[in-house]
Amino acid sequence: MPSNKSVSDAPIVQFTNCRILRDRRLQREDLWVRDGKILNPEKLFFDEKGSADVQLNCKGSIIAPGFIDVQINGGFGVDFSLATDDFKSGIDLVSQKILSHGVTSFCPTLVTSPPSVYHQVLPQISVRNGGAHGAGILGAHLEGPFISREKKGAHPEHCLRTFEAGAFQDLLNTYGSLDGVRIVTLAPEMKRSSEVIQELTKRGVCVSLGHSVANLSQAEEAVQHGATFITHLFNAMLPFHHRDPGIVGLLTSDKIPAGRRVFYGMISDGIHTNPAALRIAHRAHPKGLVLVTDAIAGMGLAPGRHTLGQQVVEIDGLNTYIAGTKTLSGSVATMDTCVRHFQEATGCSVETALEAASLHPAQLLGIEHSKGTLNYGSDADFLMLNDSLYVQATYIAGQEVWRQDTSGM
């Protein structure tokens, strides 16, 4: 066998008998991995005269990029909005457990909380690569507290805040720091929000519009100042109205700056969004749809009482409510469940369903050169799935980090 040592000592692994999601279609070809990256086999053969050190037969599986969840509040009894002594072990537990659902990277999400919680929790959320220890952390998603009282949803009203004279300084004082913060959800109709959006964007923080009563022109102005995302479309915003479609109208707005795409999150759990609404959004703006779980601490646990930040919530089947009310409060859906429901509800292709949980969130965060695709040179974060889109194995940096037990689910 020709030597591969001139380029790297790392072994070359060839995944055979698979269908790879690449360039928006499933292609029957092999996947080559070395040193945590996806290799171009032509360069390997012709430039390096190299070949595989290990061959793995995928037995006809689909290979797709790892899922990226940009809105997850916790799971398995862990609540990211609670400042606990063992917060780090909690985040480690969630990052480990979500591997079985195909998530290879995520943004731990904090709902509206007192400043003291942000000051204690945010320093403990550090951006890190994924691996056998769990999914990679891309940075925190701060959903609130600069949101609308009328559309607060499950967010505690006593913790909501407005922007005062020193708008951006108010935000910094509330959060303590923006180190490791990737997304901030705010209501764009709030006074002085434009300067905050501009400053966050300048610092590389993705601004998302949500929990808001904004009209369409206010939403368009926010996008013109740098906002690129909509937090859980249809939920916690004004309902679509034909004379002023509100934030929902961004999906077909002609006021989006050239070269900019607005993305929008969808909780495809069969509870938060009627399948017809899911179909309307997808058909209106398919390239902007980002599947999110909005999962809470109760994900993966039995029905009963759990927490979401400062609130007690009750899980009843797939429904999660603020205790004693019928106000929805996050979901208990897993990402792979959302992908399957999305495909079933919309009738979209397998490729489209998988990209809504991988390529699109990567594009939203500007990391599509390394995550969310299986292009040559990308990080080898990928999944093996069967034709029904059930995850069979999860790989991060080319290493198997989870595999379904062959004895059952």
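Here is a brief tour of a sheet and some aromatic rings.

## About the model

This is a predicted model: local features need pLDDT of at least 70, side-chain atom pairs count only at pLDDT 80 or more, and totals for chains, interfaces and linings use all residues. Residues are numbered from 1 along each chain as its sequence is written, and side-chain values use heavy atoms, leaving out hydrogens and water.

Strands pair if DSSP finds at least two bridges between them; S1 (residues 12-16) and S4 (residues 31-34) run antiparallel and are joined by four. Within this pairing, Phe15 stands opposite Leu31 in S4.

## Aromatic pairs

Rings of Phe, Tyr and Trp (its six-membered ring) pair if their centres lie within 6.5 Å; planes under 30 degrees apart count as stacked, over 60 as edge-to-face and the rest as tilted. That rule gives nine aromatic pairs. One of them is edge-to-face, with Phe15 and Phe382 5.2 Å apart centre to centre and 85° between the planes. This pair connects strand S1 with strand S22 (residues 382-385), 367 residues apart. Phe15 and Phe382 are both buried (under 20% relative accessible area; exposed is over 50%, partly exposed in between, with a 1.4 Å probe and protein chains only).

Ring pairs also link Tyr118, Phe146, Phe163 and Tyr175 into a cluster.

Key:
Helix = DSSP H or I, 4+ residues; strand = E, 2+ residues; numbered from the N terminus.
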